[in-house]
Amino acid sequence: MNATEKITFWYGCNAVRHGDIIHGAIALLEAVGVEVTPAGGAGYCCGTSKDANLRAAEGMGQRTVKKFNAHGTGKVVSWCPSCYRHMNGFMGEYTQPQFELSHFTQLLHARRDVLAQKLTRRVERKVMLHRHFGFHEVDVNPLVEDLLRLVPGITLLEGGTAAPGHMCSALSRVPASLKDVTRGLCDDAAACGADTVATVFHSCQRLLCGLEASEPFRVVNYVSLLTESMGLTFADDYKAWKLAGSEDEVIAKVGEERIAAIGENLFRESILPELMRRPSK
Amino acid sequence: MTKYGEGLQNADAKHVVSGVIDWLQQKPGNAQSVSWLKVCTQSAKCIDACPKGINAMKMVRVAQMSAMGSLGVPAEQAALSGRDAKDFFRVINAFSQTQMTSQQVQKWQR
């Protein structure tokens, strides 16, 4: 890619819980000289969540590809491995994409020399990477490890067992497996002396960040470690809400204004239970 | 992942796969095939394992779709119905409101 490349950054649906990751990822792309058109949320759904309703999934896929084609960048860079997989495996078969698809880690890794010059602040952490082995389309783990090694101050620890699935949300349908993976992660982090577990994907951050309430390590997405070294801070609201404590404390932390904007019923029925849920191990 | 599937520990592999093929042919498959479909998390090990280079993971995914009732098997015979997340897009939109400005939502997500 050349220095003035324009891309569409497709951050997906579920990542919107983590504005810190999205805003941080955009900052990293801009730092390596890419002009970014961000796209995500429900309006750019790939349809992978609609396996039970393929007509709806197809409509979503067609709409999303049509919008990407209209962007005219010719390059879509995906954050979410599910979106990436669904585009390659399904959407591309019934639409006419006029763009190349790549993954965020690939682009950042390809420009790591430029990125390294921006990583000027020390981040003193002993980091264990939380890895999955299921994203066979892109071998993200070594790419992320290379990126973390660019950060002055970070000690990247060996160890940690790679988990099944492409990210933790794939395991959430098999709760016993997610529980085993979570317990194994805690054991591995203790064994290698990690003070930080770095997640690669948003759903791992979502499902594991609550461990901070009980474990002696922090759970941080690798994007946040990179942006921290650039001197940029993006607050992880989702984790702060998860760790707030009781229902009343979570409600106070989210704030009345946000709850009113979301809608009281939706917040109480769907969002508050999610924020109160703790990782099981 | 099969250790997490009910009735899969000592299952006959051909029997399980025959059920998956039934689902692919839009017919209800056997109970053990359903157990297998339930615990597949798309780790892609099967793709590497296949000497013929067949994407078995994708076949299982399509079988899951069938077992959800989306390929023609009547809903009452579908085995994985009800897997759709409740309020999925409403929750996505709600979190968007908390993490983006209204301008960003308008520009990035419409």
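Author: Let us begin with the elements: helices (H or I, at least four residues) and strands (E, at least two) are DSSP runs, numbered from the N terminus. This is a predicted model, in which local features need pLDDT of at least 70, side-chain atom pairs count only at pLDDT 80 or more, and totals for chains, interfaces and linings use all residues. Residues are numbered from 1 along each chain as its sequence is written, while chains are lettered from A and ligands numbered from 1 in the order in which they are written.

Reader: How many helices and strands does chain B have?

Author: Chain B has six helices and zero strands. The radius of gyration is taken over C-alpha atoms, and the globule rule is 2.2 Å times the number of residues to the power 0.38. For chain B the radius is 18 Å, well over the 13 Å that the rule gives for 110 residues, so the chain is more spread out than a compact globule. Along the principal axes, its C-alpha atoms fill a box of roughly 55 × 35 × 25 Å.

Reader: What share of the residues of chain B counts as buried?

Author: A residue is buried if 20 or more other C-beta atoms lie within 10 Å of its own, exposed if 12 or fewer, and partly exposed in between, with C-beta atoms placed from the backbone. By this criterion, 40% of the 110 residues of chain B are buried.

Reader: Which residues have the most contacts inside the largest nonpolar core?

Author: A nonpolar core is a set of buried Ala, Val, Leu, Ile, Met, Phe, Trp, Tyr and Cys residues joined through C-beta atoms within 7 Å. The largest has 107 residues, and those with the most contacts inside it include F9(A), A25(A) and L37(B). Helix α1 (residues 19-31) of chain A gives the largest share of this core, six residues.

Reader: How is strand pairing read, and which strands pair with β1(A)?

Author: Two strands pair if DSSP finds at least two bridges between them. Strand β1 (residues 6-12) of chain A pairs in the parallel sense with strand β2 (residues 35-40) of chain A over six bridges, and K6(A) stands opposite E35(A) in β2(A). Three bridges also join β1(A) to strand β3 (residues 75-78) of chain A, again parallel, with T8(A) opposite V76(A).

Reader: How far may the prediction be trusted, in the predictor's own terms?

Author: pLDDT is the predictor's confidence in each residue, from 0 to 100. Its mean for chain B is 90, and 95% of the residues of chain B reach 70 or more. The model scores ipTM 0.92 and pTM 0.95.
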